[in-house]
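Work through the exercises below with the coordinates open. Try each task before reading its solution.

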Amino acid sequence: MRITDVRTFHVDAGWRTWLFVKVETDAGVTGWGECSDDKMPLSVAGAIEDFKDVLIGRDPRPFEMRYQDMVRQSRQSPDGATMKAIAGIELALVDIKARALGISVVELFGGPTREDVRLYWSHCGTSRIRAHELIGTPPLRNLDDVAALGREVARKGFTALKTNILMPGDPGSVYFPGFAGGPGTTDQAISNRLLSHIETLVGTFREAVGPDVDINLDLNFNFKPEACRRIARILEPFNLLWLEIDMYDPDAILAIRQSTATPICTGENLFHMRGYIPYFKRQAADVYMVDVPWNGFSQSRKIGDLAEAYQLNVAPHNYYSHLASFISASLCGVLPNVRIMEIDIDDVPWKDDLVTNPPTIVDGRMAIPDGPGWGTDVVEEALLAHARQPGRRRA
């Protein structure tokens with residue numbers, strides 16, 4: 001079996017871009033991966049193009065060797081867009097290997113360790129503020145709407161949710177200076193007014209869902225450690241599952257964790273085992289996110305196993321298409337130390353059309369895939385029908 005082509009597909013998913021990778025072989029076995037990057041999709045696709053020279057004509061089945069081929073090609077440009085490109089390709093190669101054997105990826109890697117995995121409803125409220133008309137949901141104009149959303153989450157059987165710093169209004173907004181904003185928005189400080197708003201927002205969700213539904217708040221890259229410590233302390237009465245923080249200094253994360261009883265989660269932007277080791281050694285956080293579409297399956301499995309050695313739990317970072325949900329659930333199906341898995345419920349209305357079968361979700365839990373490869377097939381015609389147009393800017 002030899003690789004004959006590697007193709008990418010940019011899908012316009014409303015307020016972000018999904019990036020799919022298709023690897024074709026001369027044996028008629030095709031593999032799919034996803035390495036969606038909302039901010040730099042063209043860079044990731046360009047890196048995938050650069051890797052074709054070390055892939056085409058080679059056997060896709062020894063995916064660890066192909067992974068090392070790509071790592072050696074990119075020695076001087078590690079991580080970032082390069083690593084995401086490697087991950088997307090590696091996921092497609094893993095899919096090919098499992099399909100060629102007629103088994104699931106979960107079985108290929110020694111699972112299953114569980115029958116299903118607990119989910120949390122991610123970007124709860126965030127997507128409705130960004131694009132409620134597109135996804136066909138009510139807008140969030142006030143805190144009563146936030147409370148109604150919380151009750152909806154519980155009513156639909158989910159036992160956990162994650163939100164961002166929502167600013168309900170007409171129109172509403174989401175506080176994201178860590179990713180964009182004008183002059184004066186780079187300081188990562190917090191005002192007393194914003195701190196009070198965060199307390200009220202989380203309190204509104206807590207009152208709506210009751211004591212048994214877990215709540216996560218994602219701070220992203222929005223704040224410096226001092227602000228994070230203040231937020232973590234003020235949220236202690238609400239018994240969060242975790243406060244999620246992105247920061248590239250493990251000592252800074254550790255200082256936040258040591259200052260509060262609120263559990264801390266981090267790691268979604270880290271690559272390779274070497275990226276996680278400084279955090280694991282320090283016990284800097286309580287839970288670690290692992291992004292499988294950005295690390296690849298084999299590397300994510302190794303990160304999860306390393307976390308187990310340090311007595312830590314992991315939680316897949318998964319805010320992409322259904323293919324990524326099958327990939328992330330497959331990781332949960334082979335690891336013994338999973339806390340919970342992320343999934344977006346509010347989404348574009350044609351999300352299900354991209355795969356032959358969407359995830360099976362019952363009572364807020366997703367069944368571990370057991371079909372060949374990832375357990376679902378990508379519908380290429382649907383990808384093309386929703387292709388991102390050249391030059392399109394995100395909303």
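**Exercise 1. Around helix α5**

What covers the buried residues of α5? Keep in mind that this is a predicted model.

Solution. 
- Step 1. List the buried residues of helix α5, which spans residues 126–135. They are Thr126, Ser127, Arg128, Ile129, Ala131 and Ile135.
- Step 2. Look for what packs over them. The cover includes strands β4 (116–122), β5, β6 (166–167) and β7 (173–174). Helix α6 (143–155) is also part of the cover.
- Step 3. Check the residue just after α5. Glycine 136 takes a positive phi there, about 75°.

**Exercise 2. Salt bridges, within a helix and between strands**

Solution. 
- Step 1. Start with the total. A search of the whole structure gives 31 salt bridges. The general principle is that side chains of opposite charge can pair when their charged atoms come close.
- Step 2. Take aspartate 69 and arginine 66. Their side chains form a salt bridge, at 2.9 Å from N to O. An α-helix has 3.6 residues a turn, so residues three or four places apart point the same way.
- Step 3. Apply the burial cut-off, under 20% relative accessible area. Aspartate 69 has 12% relative accessibility, so it counts as buried. Arginine 66 has 9%, so it is buried too.
- Step 4. Take lysine 162 and aspartate 218. This salt bridge has an N to O distance of 3.8 Å.
- Step 5. Take arginine 230 and glutamate 226. Their closest N and O atoms are 3.9 Å apart, in a salt bridge. Arginine 230 is partly exposed, at 24% relative accessible area. Glutamate 226 is partly exposed as well, at 41%.
- Step 6. Look for shared partners. Salt bridges of this kind join Arg7, Lys22, Glu24 and Glu380 into one network.

**Exercise 3. The nonpolar cores**

Which residues have the most contacts inside the largest nonpolar core?

Solution. 
- Step 1. Size the core. The largest one has 125 residues.
- Step 2. Leu217, Ile231, Leu243 and Phe297 have the most.
- Step 3. Assign the core to elements. Helix α3 (residues 80–101) gives the largest share, 10 residues.
- Step 4. Inspect leucine 217. Leave out neighbours within four places in sequence. Its contacts include Ile198, Val202, Ile231, Leu235, Leu240 and Leu243. Thr163, Asn164 and Glu244 are also among them.

**Exercise 4. A lysine in a loop**

Is lysine 351 buried or exposed?

Solution. 
- Step 1. Locate the residue. Lysine 351 is in the loop between β13 (341–344) and β14 (361–362).
- Step 2. Read the accessibility. Lysine 351 has 5% relative accessibility, so it counts as buried.
- Step 3. Find the polar partner. The side chains of lysine 351 and aspartate 347 make a polar contact at 2.9 Å.
- Step 4. List the surroundings, not counting residues up to four places away in sequence. Lysine 351 touches Trp18, Tyr320, Ser321, His322 and Asp344.

Technical notes: Residues are numbered from 1 along each chain as its sequence is written. This is a predicted model: local features need pLDDT of at least 70, side-chain atom pairs count only at pLDDT 80 or more; totals for chains, interfaces and linings use all residues. Side-chain values use heavy atoms; hydrogens and water are left out. A salt bridge is a side-chain nitrogen of Lys or Arg within 4 Å of a carboxyl oxygen of Asp or Glu. Buried means under 20% relative accessible area, exposed over 50%, partly exposed in between (1.4 Å probe, protein chains only). Helices (H or I, at least four residues) and strands (E, at least two) are DSSP runs, numbered from the N terminus. Contact means heavy atoms within 4.5 Å. A nonpolar core is a set of buried Ala, Val, Leu, Ile, Met, Phe, Trp, Tyr and Cys residues joined through side-chain atoms within 4.5 Å. A polar contact is a pair of N or O atoms within 3.5 Å; within protein, one must be able to donate a hydrogen and the other to accept it, and residues adjacent in sequence count only if both atoms are side-chain atoms.
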